[in-house]
Amino acid sequence: MLLIRLEQMINSFSELLGKTSAVLFVVMLFNVFIDVVMRYLFNDVSIGMQELEWHLYASVFLLGVPYALKTGGHVRVDLIYERQTAKTKALIDMFGSLFLLMPFCALVAWYGVDFAKESFLLGETSGDPGGLPYRWIIKAVIPFSFLAMLISGVGMFLKSLNILLGNRQADNYQPPQH
């Protein structure tokens, strides 16, 4: 039961990030709409609005990946995987998360902290006139999101472990046969 509860807690965290990503996507749509209206109706260009689009897009993507990992929406090569039993899939997911996903995410998160910290200490701003200040904020999203991906990887590992131990049923999605 402890493993199931831990998996559920991690999944709740990933769900929260997915919802946050969805909200940021809507904010990004409004930002793009306002930017286009201002540009083409009022001939007013804002570098800050354009940079905000990039920052929001990056945040949507980076915060959406942990949710994609949780839901199985991430990219994987299904040449072998799709034909396997649930237990074999669980073993593949455990191996992939433990030896590929988690070390990579830990590495990027670890080095990303210094990347964001240096930006903060330097007071880094946009290089363009009228651009956004506080460049460290978007740079801090990078290590945070990779830490969140690592946590989602732990959730994927626990899901696979729970399947192998018989504590949980595998998802029953079957891709269409051609």
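Within helix α1, which covers residues 2–42, D35 and R39 sit 4 residues apart, about one turn of the helix, and their side chains meet in a salt bridge with an N to O distance of 3.2 Å. A salt bridge here is a side-chain nitrogen of Lys or Arg within 4 Å of a carboxyl oxygen of Asp or Glu, and helices are DSSP runs (H or I, at least four residues) numbered from the N terminus. D35 counts as buried because its relative accessibility is 2%, while R39, at 24%, is partly exposed; buried means under 20% relative accessible area, exposed over 50%, and partly exposed in between, with a 1.4 Å probe and protein chains only.

The model is predicted, so local features need pLDDT of at least 70 and side-chain atom pairs count only at pLDDT 80 or more, whereas totals for chains, interfaces and linings use all residues. Residues are numbered from 1 along each chain as its sequence is written, and side-chain values use heavy atoms, with hydrogens and water left out.

The search of the whole structure finds 4 salt bridges. Another of them joins E15 and K70, whose closest N and O atoms are 2.7 Å apart; because E15 lies in helix α1 and K70 in helix α2 (residues 47–71), this pair ties together parts that are 55 residues apart in sequence. E15 is partly exposed at 26%, and K70 is partly exposed at 25%.

Helix α1 also contributes V26 to a nonpolar surface patch of about 600 Å², made by F25, V26, L29, F30, F33 and I34. Patches are made of residues with over 30% relative accessible area and no salt bridge, where like charges are joined within 9 Å and nonpolar side chains (Val, Leu, Ile, Met, Phe, Trp, Tyr) within 5 Å; the areas come from the Shrake-Rupley method with a 1.4 Å probe, and for residues only the protein chains shown count as cover. V26 itself counts as partly exposed, with a relative accessibility of 41%.

Just after α4, G123 takes a positive phi of about 65°.

The rings of F104 and F146 form an edge-to-face pair, because their centres are 5.9 Å apart and their planes stand at 70°; F104 belongs to helix α4 and F146 to helix α5 (residues 136–165), 42 residues apart. Rings of Phe, Tyr and Trp (its six-membered ring) pair if their centres lie within 6.5 Å, with planes under 30 degrees apart counted as stacked, over 60 as edge-to-face and the rest as tilted. F104 is partly exposed at 48%, whereas F146 counts as buried at 14%. F120 and W136 form an edge-to-face pair, 5.1 Å centre to centre with 85° between the planes.

Helix α5 has 30 residues and reaches 43 Å from its first C-alpha to its last, close to the 44 Å expected.

Definitions and conventions: Helices (H or I, at least four residues) and strands (E, at least two) are DSSP runs, numbered from the N terminus. The expected span of a helix is 1.5 Å times one less than its number of residues.
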